[in-house]
Amino acid sequence: MKRVRLRDAVWLPWLVTPCLLAAGLLAWQGFVTIWNVSPFILPPPRPVLAEWVLLLSSARAWSHTAMTFAGAVSGFLLATVLGVAAGILLSLSPTLERLSKPFIVAFQVLPKVALIPLFVVWMGFGLGPKILTSAILPFYPIMMNTLLGIRSVPEGLRDVMASFDAGRFQVLRRLELPYALPFIATGLEVGIVLALVGAVVAEFISGSSGLGYLLVSRINSYETAQMFAIVLQLCLLGLVLYAGVAGLRRLLVPRRAPPRPE
Amino acid sequence: MRRPLIALTEVGKTFDPGGAAAPALLPGSLSIAEGEFVVFLGPSGCGKTTLLRMIGGLLEPTSGTIAIAGTPLWEGRRCRKELRSRLGLVFQDSSLFPWLTVEENVLLPLDLRARLPRAERLPYARAMLALAGAADIGARMPHEISGGMCQRVAIARALSYDPDVLLMDEPFAALDAISREALNMELQRLWLATGKTIILVTHSMAEAAFLADRIVLFTPGPGRIDSVIDVPFPRPRTRDLTYSPEFQRTVHDLHDRLAGLMGRP
């Protein structure tokens, strides 16, 4: 049985962290009061929190949150399926990887949010551009992590499969994918955050719903406190999405050996 | 005379054909009888592992032929599947799959080859674990058991599809002296019980002298088979044998030959 030190289990998470948070809020309040900052630039913490509570109790705000959630998650699922498939495909042949590398790099260095106006031209102002943007941002890390995981399979384990006369598909299913799972899970953890970025940016441009749309619609009325509240709501949404993927990792990679010291 | 099971005819390997690199193994011939225990002994870089991997169907030879029971193992660059299933491989680092339990590791080749009806596979895997001296740890994960236990599991895994030949690449090199001695005993027992043909690669002279019917001596630079030495001690060999003057003399002779071959006193 591992002994957990009191300091690590209770002090740090339950006392020190809230204290730091309180100190931050106080500093914020102090800054606004002392420098007499206009509430249009930086409202004090109290109205921001009040707006957030209002947001949390408003059905309309939750439906916007749900729209952003739906966009990010659909795009993320699409990216997962396509990214893992593309990673597997590239792992099959070094030639294919070499041939497609310039295109992959070109696509990766392209600021992909620049494509959103095109998506709008193609698909209108609906859910389409949002899902597509949420899909193309996480696609690359998921694909590359899948490829990296499969490439990292030790030669010794490949020899074992060869000595069992395993076919190409058996090697993929029984060795490469299980071995690559922790790599893929890391790709998914990076990806889900990018998917949310994609959804929000798409809503800036093309949305008539969603938290990104809500945020932009507050610009003209200078409702800065509301904007902060929406940012807090996005933070909450990001946390929920990330926790979901981290939970998925525990489900997928349940019985992993700790790295063995050499 | 038992009939030869494995016949090597002028088998050699160059990793860089036509290039400047020295060949990994100069062509050499060897015949191994059914049920024989042969040890490949030599220092690093002498081509013993290369030859074992070629016999195991993992590495194609650049010259010569390898025949198992009269049939060539390699046809061009491809290894004949029906022959490879007669070969069981055990590697130095056990190479168990860390995300599978011990039992699932032993089941893996049975599943892949679909040799037995599904319902019979698990009892059979457990029987193989018991045979290799690793009963009762079937539900454990590989990282939870010792290195010696991992090798027993790897042996059970190789035995699970009932190969005629066990090919073992320095299987006990990473173990401590006590575990190694115990596993040498176990391996002899297993060999006597099953009648498999075993080829074991090692650089330990005592291990070679204890286990082998015949020792194939390799020399480096470039790697080649130097000589074959008969080891006449009766079976089953015991720990007491290893303290006997005859055994010590055999180990001493092996040492002198290897040191002489390497140009050291």
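Predicted model: local features only at pLDDT ≥ 70, side-chain atom pairs only at ≥ 80, totals over all residues.
Local features need pLDDT of at least 70 and side-chain atom pairs count only at pLDDT 80 or more, while totals for chains, interfaces and linings use all residues. Residues are numbered from 1 along each chain as its sequence is written, and chains are lettered from A and ligands numbered from 1 in the order in which they are written.

**View 1. Chain B as a whole.** Count them up and you get 9 helices and 12 strands (DSSP runs numbered from the N terminus: H or I of at least four residues for helices, E of at least two for strands). The C-alpha trace spans about 55 × 50 × 40 Å along its principal axes. Of the 265 residues, 41% are buried, meaning that 20 or more other C-beta atoms, placed from the backbone, lie within 10 Å of a residue's own.

**View 2. Strand 3 of chain B, under cover.**

**View 3. The partners of strand 3 in chain B.** Strands pair if DSSP finds at least two bridges between them. Strand 10 (residues 197-202) runs parallel to strand 3, joined by 5 bridges. Strand 11 (residues 214-219) also pairs with strand 3 in the parallel sense, over 4 bridges.

**View 4. Zooming in on B:Val39.** This residue stands opposite B:Leu200 in strand 10 and opposite B:Ile215 in strand 11.

How values were computed:
Buried ≥ 20, exposed ≤ 12 C-beta atoms within 10 Å, placed from the backbone.
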